Amino acid sequence: MVWDGTTLEMIKNGILETLFMVFGSSMIAYLIGIPLGIILVVTDTDGIHPIPALQKLLGLIINLIRSVPFIILLLVMIPVTRAIVGTTLGAKAVIPPLVAAAAPYIARMVESSFKEVDAGVIEAAKSMGATTWQIIWKVLLPEAKPSLLVGAAISITTILGYSAMAGFVGGGGLGAIAINYGYYRYQTDMMLVTVVILVIIVQIIQETWMKLSKISDKRIR
């Protein structure tokens, strides 16, 4: 591979496209996943406002979507993606399937984080007459914040892995560069460079969110 200005520009654009796909889809997925996770916890049999039928139905739907491999989800959602963004190629076209794959995963991560909250704290809030919404907003979310941030690190790095797979179906980013140049053209050096960059991005995300988790954890102060 000739490492000239054009190649470096391509890699720079690939990094920007990858960050756009990952953080854009993560933001939308969290806007969907957090409410879903809250509903799963609140409507559980031992939840604040038990509705077992709703909880089981929502859990079943989430599990069904999570069980679909991402590469298949990419293909199945082609008509939906075209309807939403007007194209099935490039970084923008990867956002809808990334959101569809990540939102159920995030919902389960949020559910797990909320279930780590001490039941005694919730009972104390109930005894003081707190409403369901007040318990969610003033008890569950603040108490679960460190765990939610750790979950965010795991979720975002998982989405980064999904975004790399999108290169097989015309998605953009570093995954597309690795596949189109490193795999199809047998340019091992390009493949290695993209892998190293992806590893660095994962490490930055992991370290940043873990530090934020420690800062927000009142138990270690």
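Trainee: Why is V195 called partly exposed?
Mentor: This is a predicted model, and every value we discuss is computed from it. V195 has a relative accessible area of 41%. Buried means under 20% and exposed means over 50%, so V195, at 41%, falls in between and is called partly exposed. V195 is found in helix α9, residues 188-216.

Trainee: What makes Q55 count as buried or exposed?
Mentor: Its relative accessibility is 12%. The cut-off for buried is under 20%, and therefore Q55 counts as buried. Q55 is found in helix α2, residues 52-66. Not counting residues up to four places away in sequence, Q55 touches L40, T43, D44 and E111.

Trainee: How do you know whether L58 is buried or exposed?
Mentor: The same test applies. L58 has a relative accessible area of 15%; the limit is under 20%, so L58 is buried. L58 is also found in helix α2. Leaving aside neighbours within four places in sequence, L58 is in contact with L36, I39 and L40. L58 and K145 are 87 residues apart in sequence, and their C-alpha atoms are 23 Å apart in space.

Trainee: What makes α5 mostly covered?
Mentor: Of its 21 residues, 16 are buried.

Trainee: What is the span of helix α1, and where is its kink centred?
Mentor: Helix α1, residues 5-42, has 38 residues and reaches 54 Å from its first C-alpha to its last, close to the expected 56 Å. A kink of about 30 degrees in α1 is centred on Y30.

Trainee: What is the volume of the second largest pocket, and which residues are the closest to its centre?
Mentor: The second largest pocket has a volume of about 250 Å³. Thirteen residues line this pocket, and V41, D46, G47, I48 and I122 are the closest to its centre. The elements giving two or more residues to the lining are α5 and α6, the latter being residues 119-127. The largest share, four residues, comes from α6.

Trainee: What is the make-up of that lining by class?
Mentor: The lining of the second largest pocket has seven nonpolar, one polar and five charged residues.

Trainee: How many helices and strands does the chain have?
Mentor: The chain has nine helices and zero strands. Its C-alpha trace spans about 70 × 45 × 25 Å along the principal axes. Among contacts with a separation of 6 or more, 72% join residues 24 or more positions apart.

How values were computed:
Residues are numbered from 1 along each chain as its sequence is written. This is a predicted model: local features need pLDDT of at least 70, side-chain atom pairs count only at pLDDT 80 or more; totals for chains, interfaces and linings use all residues. Side-chain values use heavy atoms; hydrogens and water are left out. Buried means under 20% relative accessible area, exposed over 50%, partly exposed in between (1.4 Å probe, protein chains only). On a 1 Å grid over the protein atoms alone, a cavity is a set of points where a 1.4 Å probe fits but cannot get out, and a pocket is an open set with protein on both sides within 12 Å along at least five of seven lines; lining residues have an atom within 4 Å of a point. Grid points are joined across faces, edges and corners, and a volume is the space filled by probe spheres set on the points. Ala, Val, Leu, Ile, Met, Phe, Trp, Tyr, Cys and Pro count as nonpolar, Asp, Glu, Lys and Arg as charged, and the others, Gly among them, as polar. Contact means heavy atoms within 4.5 Å. The expected span of a helix is 1.5 Å times one less than its number of residues. The bend at a residue is the angle between axes fitted to the seven residues ending there and the seven starting there.
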